[in-house]
Amino acid sequence: MKNRIEEIRNTKNIRQEDLAKILGVSRQTISSLENGRYNPSIMLAHKIAEYFNMTIEEIFIFEEE
């Protein structure tokens with residue numbers, strides 16, 4: 001699954017550390033999400049979408065294999 005977290009975060013000038021703190025996760029989690037090494041739980045995906053005032057579908061791109 002791909003996502004636009006890094007792109008959105010950068011347009012809003014938010015550091016990984018700051019986003020991690022807001023979401024209650026580690027900076028490494030944000031890094032792993034951005035690099036596609038980690039798929040978030042539905043709760044974390046919801047928190048991210050809510051924080052950016054977007055839908056989950058606007059942030060996360062599901063690609064069939």
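Reader: Is Asn-53 buried or exposed, and at what relative accessible area?
Author: Buried means under 20% relative accessible area, exposed over 50%, and partly exposed in between, with a 1.4 Å probe and protein chains only. Asn-53 falls in the exposed class because its relative accessible area is 72%.

Reader: What kind of model is this?
Author: Residues are numbered from 1 along each chain as its sequence is written, and side-chain values use heavy atoms, with hydrogens and water left out. Local features need pLDDT of at least 70, side-chain atom pairs count only at pLDDT 80 or more, and totals for chains, interfaces and linings use all residues, since the model is predicted.

Reader: Where does Asn-53 lie, and what is its phi?
Author: Helices (H or I, at least four residues) and strands (E, at least two) are DSSP runs, numbered from the N terminus. Asn-53 sits in the loop between α4 and α5. This residue is not a glycine, yet its phi is positive, near 55°.

Reader: Which residue with positive phi follows α2?
Author: Helix α2 spans residues 16-23. The phi after it is near 75°, and the residue is Gly-24.

Reader: Why do the buried residues of α2 line one face?
Author: Those residues are Gln-16, Leu-19, Ala-20 and Leu-23. An α-helix has 3.6 residues a turn, so residues three or four places apart point the same way. The arc is that of the directions from the helix axis to the C-beta atoms. The buried residues of α2 line one face because they fall within an arc of 100°.

Reader: What covers that face?
Author: Contact means heavy atoms within 4.5 Å. The cover of the buried residues of α2 includes α1 (5-11), α3 (27-34) and α4 (42-51).

Reader: How do α2 and α3 cross?
Author: Axes are lines fitted to C-alpha atoms, for helices over the stretch in contact, and angles run from 0 to 180 degrees between N-to-C directions. The two axes come within 8 Å and cross at roughly 110°. Angles under 35 degrees count as roughly parallel, over 145 as roughly antiparallel, 65 to 115 as roughly perpendicular and the rest as oblique. So α2 and α3 are roughly perpendicular.

Reader: Which residues of α3 meet α2, and what classes make up the contact?
Author: From α2 come Gln-16, Glu-17, Leu-19, Ala-20 and Leu-23; from α3, Arg-27, Ile-30, Ser-31 and Glu-34. Ala, Val, Leu, Ile, Met, Phe, Trp, Tyr, Cys and Pro count as nonpolar, Asp, Glu, Lys and Arg as charged, and the others, Gly among them, as polar. The contact has 4 nonpolar, 2 polar and 3 charged residues.

Reader: Which residues of α4 are exposed on the other side from its buried ones?
Author: Leu-44, Ala-45, Ile-48 and Ala-49 are buried. They share one side of α4 because their arc is only 135°. They pack against α1, α2, α3, α5 (56-59) and β2. Exposed on the other side are Ile-42, Met-43 and Glu-50.

Reader: Which residues form the aromatic pair?
Author: Rings of Phe, Tyr and Trp (its six-membered ring) pair if their centres lie within 6.5 Å; planes under 30 degrees apart count as stacked, over 60 as edge-to-face and the rest as tilted. The whole structure holds 1 such pair. At 5.1 Å centre to centre and 70° between the planes, the edge-to-face partners are Tyr-51 and Phe-52.
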